[in-house]
Amino acid sequence: MHNMTRFRPRILFKLAIALWVLSLVSCVPFRQFRDNKPGDARRQDTFVPQSSFCLNNEHKPTGHDYYLGFIEFDDMGELWDQKKDNQLEHVKQLIDKAKQKSLDCGQDGRIQTVTFIHGWKNNASDDTGNVWGFRQALEEGICDRYYRAHPTSSTLPEQTSGPCASAKKEFQNQRPAKEDPIPLVGIFIGWRGNVTNVPVIKEFTFWDRRDAAIRIPGPSLTAVLHDIMDRTKACLDPKDTNYETCPGSNSSALVVGHSFGGMVMERALAQAMVERILDAEQSMPKQAMEAASGRPQHVHVDPCENGSALSDSDHHLRPPADLIIFVNSAAPATESRQTLTFLKDRQIYFCGVNPTALESDLKHRYREQPLFLSITSKGDTATNFAMPIGQYPSYITKSFRKYDPPEPLEIPKQSTYYMHSTANLAPLQSHSITGCSDEDLKNVPPGTHDIRITINGKHYCIIRKWDHKNEKDVWNTTPYWIMQMPADIVPDHGTIFTNEFQKLLAQLLYQFDNHAQKAGLKPHFTK
Amino acid sequence: MQTFVRLMIMFTLAVAAADSRAQAKPEDQLLPEPPPPDCNNYIMQNRPVFNAKQRACHYFSNIISPSGTFGSLFFAGIAQWRDDPPEWGQGMHGFGRRFGTRYAQGIAKSTGEFVFGEVFREDPRMLPSTKAGFWGRSLHALVNPLVVEVPKKRFAVSRLAGALSSGFAGRAWYPDRLNSIGQAFARSGSAMGGYVGSSFFTEFRPDFLNLVGRIFGAKPDPKTKTKIQTEK
């Protein structure tokens, strides 16, 4: 015992020194990771495809066929790079470059941009996994479109190996799609999601990084996101003001946020989107407004059926983004509740171009699409199980009320929204992903609202819950789709860039694109 | 003095040149895509075959990991509750020895596996089966710890070495009563059991997590549920 008392302080002192040294060497630098340091490819802020050929019958994907740009934010939500010629400018140039390539390849300047905001324990450097996962997801998007247009007819090993190996298998012996892949531009938004590399200790940075994720969405981020979306949908020639027909204007913009990145995105975009929707509402035809005002809230009439092509004067009805996806979002549902009730009360819907409808089928050329899509893995124990524990310390310091009457009925307490993420609240879910048979995939009835996808040979249907239940039971019929996905696609909270999820994302990018072959049709808001 | 002035001029010119390169437009300096880093979490999850550096990263991430730390704390807690072994007593001192033992055994297991894995070039990951049925998957999970699939399917020498290292490492500090060769083999057996448990978790992880999601997922308030049913 005497030995112990003499020994312990020395041990503790050594342990403290060791921990201090460990924390110093394992601290993640607080700096801009993409500063175009000469000769260092890991610090470039833009990348273009390695081959300059158009992807068509003659040229297959090489494995590096996407455009990629980085924009970084500091811990207070300001742009790291505040020079005149900064990361944002480079990304805008990258978007123009991709549009020019699309024009040169005979694709009318049409591109698709995918903006990704990472979550906790990640940043914009190559050392964390999300940058490489995002690169692979972009390439999967290219592969998906290429092999849709050029399906393989052989199962020989050489036909199903190399770049795009799994996409080759997926589209074997299928009817080819009409369009070759359009340029895909990835934009990686970085912030300080990772402060230390010390194992175990970094698990306790949850609260600190959650606070950072609350600080970051400010005017700078909102402006950057809108700049990206507007540039994507602008005419390639800035002098051209013919928005509906000019080259480049038919491009689509998708935004994806993961974990705390979902919260960052939701906070940065929700208010701005509401403003855009209110603008759109003013431009809506009188007929639609009257029909909506006379319609009881629980009756869901397909608002996109028999939709007509948009004219130049309708451009206010077009949304800035075609889809905003939150994956395993760690935002409390209090963030989404206001957007949901806004969309529900005003009966706002979003019509997209239906890729499965035949050109002669005028009735179904548009279909209801999500503007927001919150999707969480059933295996995401972090938001399902740990988040209520993580939220508890801040829960006890706040006041919550009870709703009277509650909307939806199943959630009468405001605190329930605060303690859970949106997709983990079953009464808010609008869709479900279920396994489908081969027959389900072959026989798609016209006008179906189900989205059918195949991931590594397994078929899934994304179905509207209210098509399969009494309509009154499903509260959320808004363009804010909420659903859970099986753990086979994303096993847990952090491992998002699995091959299965890359394929899901690639197919969503295809499903929610504007699809040039249906000229004159544009996604738009309606009532 | 002259040398100093020359050095200063050269330094100024070098700084100016570096600065002008740094300010060059992106088109002027586009480099090919960088090679993927060796050990970030995406590469570690998706790389089909590990190289020596990735095996080392896997080893280091194993020896200081939340699962290793919290697992050792959990099992030390159970041992404390069962007073196993009684020679180590109770209180923080006893708990410290129990925790240290489990943690050290875990390090010995990972080290043995890593060293032999480097010698025999064995991939340390256990891959889930491609079968669909419960029994087929269970059989795969049972056999998996004894087999490495990458670079080719063969007996997993590294895991056997890991289990033996874990069992025999304890001889340095276990009380004499538990320090026989037989006891060391018994501890090795339980380390092998750890591999089997981990293999089952890898195999059934999606199903297990789906189940956890269903159990802990937010459910409607029971009072409100009754109210809704009455309204209908």
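Trainee: Where does A:Gln347 lie?
Mentor: A:Gln347 is in the loop between helix H9 (334–346) and strand E7 (349–353) of chain A. Helices (H or I, at least four residues) and strands (E, at least two) are DSSP runs, numbered from the N terminus. This is a predicted model, where local features need pLDDT of at least 70, side-chain atom pairs count only at pLDDT 80 or more, and totals for chains, interfaces and linings use all residues. Residues are numbered from 1 along each chain as its sequence is written, chains are lettered from A and ligands numbered from 1 in the order in which they are written, and side-chain values use heavy atoms, with hydrogens and water left out.

Trainee: What is the phi of A:Gln347?
Mentor: Positive, about 50 degrees, although A:Gln347 is not a glycine.

Trainee: Buried or exposed, A:Gln347?
Mentor: A:Gln347 counts as buried, at 8% relative accessibility. Buried means under 20% relative accessible area, exposed over 50%, partly exposed in between (1.4 Å probe, protein chains only).

Trainee: And what about A:Lys121?
Mentor: A:Lys121 is not a glycine either, and its phi is near 65 degrees. A:Lys121 counts as partly exposed because its relative accessibility is 25%.

Trainee: Switching topic, which peptide bond at A:Pro405 is cis?
Mentor: The one from A:Asp404, with omega near 0 degrees. A:Pro405 sits in the loop between H10 and helix H11 (414–419) of chain A. Another cis bond joins A:Glu407 and A:Pro408, with omega about -5 degrees.

Trainee: Where is A:Pro408, then?
Mentor: In the loop between H10 and H11 of chain A.
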